[in-house]
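Subject: Handover of a structure for your review

Dear colleague,

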Amino acid sequence: MTTNNWITFTDHETIYISDSYDGINDRFTFTIEIPRDRVCVGNNIQFCIGYESFVGPEYWDNNYQENYRFECTSRSIPDYSG
């Protein structure tokens with residue numbers, strides 16, 4: 001995952017969802033935390049997904065070389081600090 005167009009990035013672990021294979025797809029779940037200062041109108045978050053098999057090659061899904069993207073169009077973050 002990157003918040004600055006791959007200048008830096010962070011890897012996140014995923015968890016396989018048991019019994020999720022439907023004959024075509026496996027499903028995984030993950031949680032990402034985005035630093036508050038990176039949630040700005042106009043900023044985007046990009047990610048791709050890599051899968052490393054114990055018995056085969058490494059697989060990557062990068063949305064046909066476009067990456068998966070979220071763009072921040074507004075900002076409303078509750079402040080729970082006080």
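What is the mean pLDDT of the protein chain, and what share of its residues reach 70 or more? The mean is 87, and 98% of the residues reach 70 or more; pLDDT is the predictor's confidence in each residue, from 0 to 100. Helices (H or I, at least four residues) and strands (E, at least two) are DSSP runs, numbered from the N terminus. Where pLDDT is low, predicted coordinates should not be read in detail.

The model is predicted, so local features need pLDDT of at least 70 and side-chain atom pairs count only at pLDDT 80 or more, while totals for chains, interfaces and linings use all residues. Residues are numbered from 1 along each chain as its sequence is written, and side-chain values use heavy atoms, with hydrogens and water left out.

Cysteines and the salt bridge

A search of the whole structure finds zero disulfides, a disulfide being a pair of cysteine sulfur atoms within 2.5 Å. Cys48 is partly exposed, with a relative accessible area of 26%, whereas Cys72 is buried at 14%. In these terms, buried means under 20% relative accessible area, exposed means over 50%, and partly exposed lies in between (1.4 Å probe, protein chains only).

The structure holds one salt bridge, that is, a side-chain nitrogen of Lys or Arg within 4 Å of a carboxyl oxygen of Asp or Glu. The side chains of Asp22 and Arg27 form this pair, at 3.4 Å from N to O. Asp22 is partly exposed, with a relative accessible area of 45%, and Arg27 is likewise partly exposed, at 39%.

The segment before β1

Thr3 belongs to the segment that precedes β1 (15-16) and is buried, with 12% relative accessibility. Apart from neighbours within four places in sequence, Thr3 is in contact with Ile34, Arg38, Asn43, Asn44 and Ile45; contact means heavy atoms within 4.5 Å.

Glu13 is found in the segment before β1 and is exposed, with a relative accessible area of 73%. The C-alpha atoms of Glu13 and Phe30 are 6.8 Å apart, although 17 residues separate the two along the chain. Thr14, also in the segment before β1, is partly exposed at 38%. Outside four places in sequence, Thr14 is in contact with Phe28, Thr29 and Phe30. The C-alpha atoms of Thr14 and Gln65, 51 residues apart along the chain, are separated by 21 Å.

The largest pocket

Which residues lie nearest the centre of the largest pocket? They are Thr14, Cys48, Ile49, Gly50 and Tyr51, out of 26 lining residues. The elements that give two or more residues to this lining are β4 and β5 (58-61). About 1,000 Å³ of space lies in the pocket. On a 1 Å grid over the protein atoms alone, a pocket is an open set of points where a 1.4 Å probe fits, with protein on both sides within 12 Å along at least five of seven lines, and lining residues have an atom within 4 Å of a point. Grid points are joined across faces, edges and corners, and a volume is the space filled by probe spheres set on the points.

Most residues other than glycine have a negative phi. Asn5, which is not a glycine, has a positive phi of about 60°. Asn5 is placed in the segment before β1 and is exposed, with a relative accessible area of 54%. Asp19 also has a positive phi, near 60°. Asp19 lies in the loop between β1 and β2 (28-29) and is exposed at 76% relative accessibility.

Ile24 is found in that loop between β1 and β2 too, and is exposed with a relative accessible area of 72%. The C-alpha atoms of Ile24 and Phe70, 46 residues apart along the chain, are separated by 26 Å.

Yours sincerely,
A colleague
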